Amino acid sequence: MTELDLPIQIPTREQIERLQDEAIKLPQAELTTEHYFSKGMYCRKVFRPAGTLIVGKAHKKDHFFLCAAGEIIAWTESGMKLLRAGDVVESKPGTKRVTLALTDAVGITVHQTDKTDLDEIESELIEPEEKALFDAHNNLKKIQIEKLNEALP
């Protein structure tokens, strides 16, 4: 993991939400997502093409985020980090992360839960967010897309 020597402050939650408001106006990528379960654990694996910006949902519990392939810039609680395959970041409750895939990349999150239903997992692990474009399965929400299309000129 590499600290990026950039003259950028750690973004506030308000700044991340403003970025999300602007990103919602852009075409949305439908990301290939795989879900894995093992006793007491849930793992989500997301392939992200180069150039994909993701404004994640805020999590309620500690978990891990790791770069399994490629290179990802992640805005973290301690600043901006360049993640390469094998790098792991601990995420604290309340974290709303922003990532940018510099190359085709794979990001993985690992969560502690006994649940296996994705909607139940989201309810347990994720802060409710009305503006979220993606559901618990990481599919674009139809209602959000309709609202987005209405707002576009």
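Modeller: In what follows, contact means heavy atoms within 4.5 Å. The model under discussion is predicted.

Colleague: Which residues does alanine 58 touch, not counting those up to four places away in sequence?

Modeller: Alanine 58 belongs to the loop between E4 and E5, and its relative accessible area is 2%. Buried means under 20%, so alanine 58 counts as buried. With sequence positions up to four places away set aside, the residues touched by alanine 58 are Arg13, Gly94, Thr95, Lys96, Leu125, Ile126, Glu127 and Glu129.

Colleague: How many residues along the chain lie between the positions of alanine 58 and lysine 96, and what separates their C-alpha atoms?

Modeller: Lysine 96 is among the residues that alanine 58 touches. The two are 38 residues apart along the chain, and the separation of their C-alpha atoms is 4.3 Å.

Colleague: Is histidine 63 buried or exposed?

Modeller: Histidine 63 is part of strand E5. Beyond its neighbours within four places in sequence, its contacts are Val89, Glu90, Ser91, Thr109, Val110 and His111. Its relative accessible area is 5%, so histidine 63 is classed as buried.

Colleague: What separates the C-alpha atoms of valine 89 and leucine 66?

Modeller: Valine 89, one of the contacts of histidine 63, is found in strand E8 (residues 88–91). Valine 89 is buried, at a relative accessible area of 7%. Leucine 66 is 23 residues away along the chain, and the C-alpha separation is 6.1 Å.

Colleague: Within what arc do the buried residues of H1 fall?

Modeller: Ile16, Gln20 and Ala23 are the buried residues of H1. They line one face of the helix, because down the axis of H1 they fall within an arc of 65°.

Colleague: Which strands are included in what covers the buried residues of H2?

Modeller: In helix H2 (residues 118–125), the buried residues are Leu118, Ile121 and Leu125. Down the axis of H2 these fall within an arc of 55°, so they line one face of the helix. Their cover includes strands E2, E3 and E10.

Colleague: Which residue caps the N-terminal end of H2?

Modeller: At that end, a side-chain oxygen lies 3.0 Å from the backbone nitrogen of aspartate 119.

Colleague: Which residues lie nearest the centre of the largest pocket?

Modeller: The largest pocket has a volume of about 920 Å³. H1, E3, E4, E5, E10 and H2 each contribute at least two residues to its lining, which by class holds 21 nonpolar, 14 polar and seven charged residues. Of the 42 lining residues, those nearest the centre are Ile54, Val55, Gly56, Lys57 and Asn138.

Methods. Residues numbered from 1 in each chain as written. Predicted model: local features only at pLDDT ≥ 70, side-chain atom pairs only at ≥ 80, totals over all residues. Heavy atoms only, no water. Buried < 20%, exposed > 50% of the residue type's maximum accessible area, 1.4 Å probe, protein only. Helix = DSSP H or I, 4+ residues; strand = E, 2+ residues; numbered from the N terminus. Arc of directions from axis to C-beta. Polar contact = N/O pair within 3.5 Å; in protein donor to acceptor, adjacent residues only side chain to side chain. 1 Å grid on protein atoms, 1.4 Å probe; cavity = no way out; pocket = protein on both sides within 12 Å on 5 of 7 lines; lining within 4 Å. Points joined across faces, edges and corners; volume = space filled by probe spheres on them. Nonpolar A, V, L, I, M, F, W, Y, C, P; charged D, E, K, R; others polar.
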